[in-house]
Structure formats: C-alpha cells, structure tokens
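Thanks for coming. I will take this one from the overall picture down to the ligand.

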Amino acid sequence: MLRNIGKIWELLNKKQKWVLVLLLIMTLIGTGLELLAVSSINPFVETINNPNVLNDKEALTGKVYRLLGEPGYTEYLIIMLAGLITIYIIKNAYLLVLYNVQYRFSFENQRLMERELLKSYLEREYTFHLKHNSAELQRNVLQDVMGMYHTLSSGMTLLTEGGVCLALFIYLLYLDKTITIGVVAFLVLIFGLYTAVFGKRNNRIGMESRKATAMRVQWVQQSLGGIKEIKILGREGFFLSSYDRNSAAYAKRQRQYQMTVTAPRPIMEAAGISALLGIIAFKLLRGVNASYFMPTLTTFAVAAFRVLPSFGRLSGAYGAIAFQKSAVEEVYSGITKARNEKKEAGIQSKTKERIDMQEGIACEGVTFKYPESDKTIFKDVNIKIPKNKSVAFIGPSGAGKTTLVDVILGILSPVEGKVLVDGKSIDQNIDAWHNMIGYIPQTIYLMDDTIRKNIAFGIDDNIVDDNRIWEVLKEVQLYDFVKELPEGLDTYIGEGGARISGGQRQRIGIARALYTNPEVLVLDEATSALDSETEAAIMDAINSLMGSRTMIIIAHRLTTVEKCDIIYQVKNKKVTETTLPK
Ligand SMILES: Nc1ncnc2c1ncn2[C@@H]1O[C@H](COP(=O)(O)OP(=O)(O)O)[C@@H](O)[C@H]1O
Ligand SMILES: [Mg+2]
C-alpha cells in the first residue's frame, strides 16, 4: 500500500510535493481544531454538573474562572457558551478554507496528470496504438488518473484520521483508562480483521472494474459508431446486450467496492458503542457509582461520534487504496515510461523545416513484420522513388501495400533495412520528413467541426489562410459546393463528415493534404471508394500535379495509375517493377 503512495509521490514535481506537505500540515491543524472543539464541550458539561469545580485549584475550568476575575456562575456559563460558539465557527471556517485548498490541489493536478498521460499517448509510436484499444487508453486518461488522486486523498485520510484517532485515544485515556483501552482494542481488532479480509479482494475487484469500464466504454462507442450498419442489419439487440454484459460486470464490482468502503462505518459504530456500553455495564456491576459516568460519558459520546466515523473513514480509505492499486500502476508506468524516453523534440517544439530533397526516396533491404506477429509482410525490398516521379503500388489486397507505404511514411519501423531520402535515413529527422508529405488514406478522419477546421486540421485558427483554403478547394473541385453553402467555410460537416457525401469527404481529405503544398503526395486507395466518374475527376486534379511533385499512389483500379511513371507490384512478400497490361 505504501508502495502505491510512493509511486504517486515519485510522479509529483517539486512544487506539487511542497503543496502536498503544506496541505498535510493544514489538514493536521484542521484536525487539531476538531479535537479542540470536541474536548471543549467537557468543561461546560462538568461545570453544569458540578458547580463546585469552579473552586477546584487543579481543574482547568477553575483556573480560567479565576483568570476572568470570578464572574457569577451564570455569567461564566454564558462566557463558556460564547467561547464554544467561537471555537466552532472558527473551526468550521478554517475547514472550508482547507477543503477549498484540497480540491484545488486535487483537481488542478489531476488535470495536469491527465494531460501528461494523453501527451505520452500522442507521442507514442504508431505501433503502440495498433496494439491498444482506444477505449482502454481513454479510461486510463479519464478514470485511472482520477483513481490515482483518489489514492492520494485516501492516503491523506489515513494520516489525518489516524492522527485524530490517536489524539482522541490519548485524551480519552486520560479520562478513563479501562473504557478507552477496552473500546480501542476492540476497534483495532475489527479494523485489522477488515484489512486482512478485504485488502486483496479490493485489489482484484479494482482490476476487474477497470477492465469492465474499458469494455463498457468500448461497447457504447461501437454501438453508436456503427449505427448505420446496425440499424440496417437490425442488430441493435446484440449491441445492447454486449453493453449489458459489461456494464453489469462493472456495476457489480462498483457495488462490491462501495460496500466494502461503506460497511466499516456502521460496523465500527455498532462495535464501538457496544464495547463502550458493555464496559460501563461491567463497571456498574463492579459497583462503581453511576454519577461518576455522567461527564465522562458525555465526553465519550461526543468523542465516539468523532472517533467511530474516523475509524470508518480509515477502513474506507484503506479499501479505496487497495481498489485503485492497478489504476495507479497503469498511470505510473505510462508516465514514467514517457518521462524516461523523452523525445528530443517534444510536441511543442516540432520543427517546421523540411528536407530539401534532391534525388528521391529509396528503400534498401527493407523487411517488415508487425510487432507480436511472426508473419513477414515483405522481405528485402529495394526500390527507388525518384524526385517528382509518380510511382504506383499495385497488387492483391492484403499483399502489404499499405504496410509498405506506412514504412516509407516512417510511422512503422522496418525490422531490417532503411528508408532513405537522398541517401539519409528518414529516422534522422522524422519531423522534417513528415513536414513535406501530404497523406490521403482510404478513409479520411473527419472531426465534427467546420470545413475550415477540417482542412486546416490542427493549424491554429489565427494563422489559417482562407485564401489557401479556397485555392485547395478549387483544386479538389469543391469550390462551387462550398461557395453555395450559406455558411461557407464555417459549415459544420457532422461527426465523421456525416452531413456530406462520400466523395466530398474524400475531397476534403485531399484538400487537407494539399493545404501545406507538400512535395511528396501519398495516396493510399484515396479514391477507391468513389464512383469512377468522381474518381476520374479527382485523379485529374491529382494528375495535374504530376511532374512537379513526388507521388506515391496505391490503387486497385489500374486506370487510376495509368499515368504513373513507375509501377511496382507488391506480391508474395516481394516488390518488383512491372508494367500495366495493355
Ligand atoms: N496491425 C497489424 N498487425 C498484424 N498484422 C497486420 C496488421 N495490419 C495489417 N496486417 C497484416 O498485414 C498484411 C498486409 O496488410 P496491408 O498492408 O493492409 O495490405 P494491403 O494494403 O496491400 O491490402 C495483411 O495480411 C494484414 O493481415
Ligand atoms: Mg491497403
């Protein structure tokens, strides 16, 4: 358990650590104030119960009484009441401030941690994302980080409530040894039993709950993401029941967890009160005078109402830490990994430079295998893509065309061999390589945003050049369409471009690739999904760029690539130059 908190501590920066320590001190002061408030009731009750205490030389009440110049009995009671009121108001005002500081620390840093985790995922290589389901990563960012801060606050609870219990224990010990030791021994026994029984179990429940969370998110996404196919095939029931299965597992784990966190309170209360009253009964039986209990009992009752929930919170915090263990481990490993392999050029400092390509691109002895797969996709590929030539890759589907192009793009790394630009490996400056590429995949990823934002795709609003946008819209023959829209470039195209046609979606993708005026254009079946007429129109636009750009085109319709200078056939793990059948 301490290891978990240690992991979180490791992730915090210097300032956060200081604030945390400050917060801890503030919390301890708050706890001290609470104790003061609890114990300040006793003198008042004592004074009512036994006015003679005012004449007692030893008692604190008597001392204060004389310090105030021995006012009348009633006046003194009123002064005490005023004192009590003041203590309670100050204590609770302080607590309000404390809660505010706590929430600020927790939520602000939680946000920063989420950001760091998301950033680390954005920086991860493409193969990492091929392996991980996005719903899982979503959960890590949005829920596990929350779990981590929950662990941190639970750790604080353990410390402060532990402190409260200890202080109250000492105070009560001073009031009555037998009762206190009896009650506390009993409570500690129950707490020990609880942690022994539920610690490991909560670990496991936590892990299973995390799995169910990711699956639950995934099924909601899949149900809504595939809505068109689902509706036409009438498979709503299947998707709903798949969601049900996972959400039921999630609900069950959450229920079990909430029970183990909540149950200690009533159990501790029942146990504590029984022990307390039991011991009193025992003392009465032993012949101790009942009047002796009056003030002690009141204090005990007040203290019990503070101590019992404290014990409950202690057990709850312990349960929460166990429950969040696997979430903390996930966040910890994600963030430390990212910190250890810090990229030289982070997201913020991406270079704007491009490679000044003179000769062209080449693959030398490139062999590729997907990680965690034994199947070699292609072996010892040696090809040249000269500058400003158009190169086509053809071949049966599943042959490895997309994979080869992904290797050339540098988002997949070859197992052997190199991809070179003018004889230099693209790994030497991958950002500069990417800066000169326009990439158009078969399915364009579109945001639920305006046409302008989808073409600029991440270029800051205030540096987007509308003239350039209109230019590329002309090139992809969307100019008239957008001109006639009442909202023009500000038209929202719906999620995934749901409000425009397939051809228009594809053209927006091409416009996006052209916007930066890239020297290398890569089309991976960019027009395959379109009807031949639209395809011909778009290819006309693309073909008009031939000769002034280096083009890499994957297509399955041979007519699409008939104007290319070089044709490569991808087949049986080999890439060979070929000609189109006449
Ligand atoms: N992430 C992956 N992990 C393992 N194998 C993959 C992965 N992606 C694609 N493949 C395999 O690689 C082969 C080539 O795929 P791909 O390059 O997409 O073919 P093409 O574009 O020529 O149709 C296919 O057999 C496919 O099963
Ligand atoms: Mg493909």
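**Confidence and layout**

Within the protein chain, confidence is lowest in helix α12, residues 293–323, with a mean of 78, and highest in α14, at 95. This is a predicted model, so those figures are the predictor's confidence in each residue. Across the protein chain the average pLDDT is 88, and 98% of the residues score at least 70.

The protein chain is divided into two parts: domain 1 covers 2–337 and domain 2 covers 360–578. Their C-alpha centres, that is, those of domain 1 and domain 2, lie 55 Å apart.

Now to the strands. Strand β1, residues 360–369, pairs with strand β2, residues 376–386, in the antiparallel sense, over seven bridges. Gly360 stands opposite Pro386 in β2. Together β1 and β2 make a hairpin with six residues between them. In the turn, Glu372 has a positive phi of about 65°.

Next, the sheet. What is the strand order in the open sheet? Its six strands run β6-β7-β8-β3-β9-β10, and the pairing is mixed. β6 (437–440) and β10 (574–578) stand at the edges with a single partner strand each, so one side of each has no neighbour in the sheet. From one strand to the next, the twist averages 20°.

To take one pair from that sheet, strand β7, residues 520–524, and strand β8, residues 550–554, run parallel and are joined by five bridges. Val520 stands opposite Thr550 in β8.

Which strands does α14 touch as it packs on the sheet? The list is β3 (390–394), β6, β7, β8, β9 (566–571) and β10. The direction of α14 makes about 155° with that of β8. There is also helix α19, residues 502–515, which lies across β6 and β7 and runs at about 170° to β6.

That leaves the ligand. Which residues are around ligand 1? They are Leu130, Tyr370, Ser373, Ile377, Ser397, Gly398, Ala399, Gly400, Lys401, Thr402 and Thr403. By class, the residues of this shell divide into four nonpolar, six polar and one charged.

Which helix gives the most to the shell around ligand 1? That is α14, residues 401–409, with three residues.

Key:
Residues numbered from 1 in each chain as written. Chains lettered and ligands numbered in written order. Predicted model: local features only at pLDDT ≥ 70, side-chain atom pairs only at ≥ 80, totals over all residues. Near = placed C-beta within 6 Å. Helix = DSSP H or I, 4+ residues; strand = E, 2+ residues; numbered from the N terminus. Nonpolar A, V, L, I, M, F, W, Y, C, P; charged D, E, K, R; others polar. Pairing = 2+ DSSP bridges. Axes fitted to C-alpha atoms, helices over the stretch in contact; angles between N-to-C directions. Contact = placed C-beta atoms within 7 Å. pLDDT = per-residue confidence, 0-100. Domains from an automatic or database assignment.
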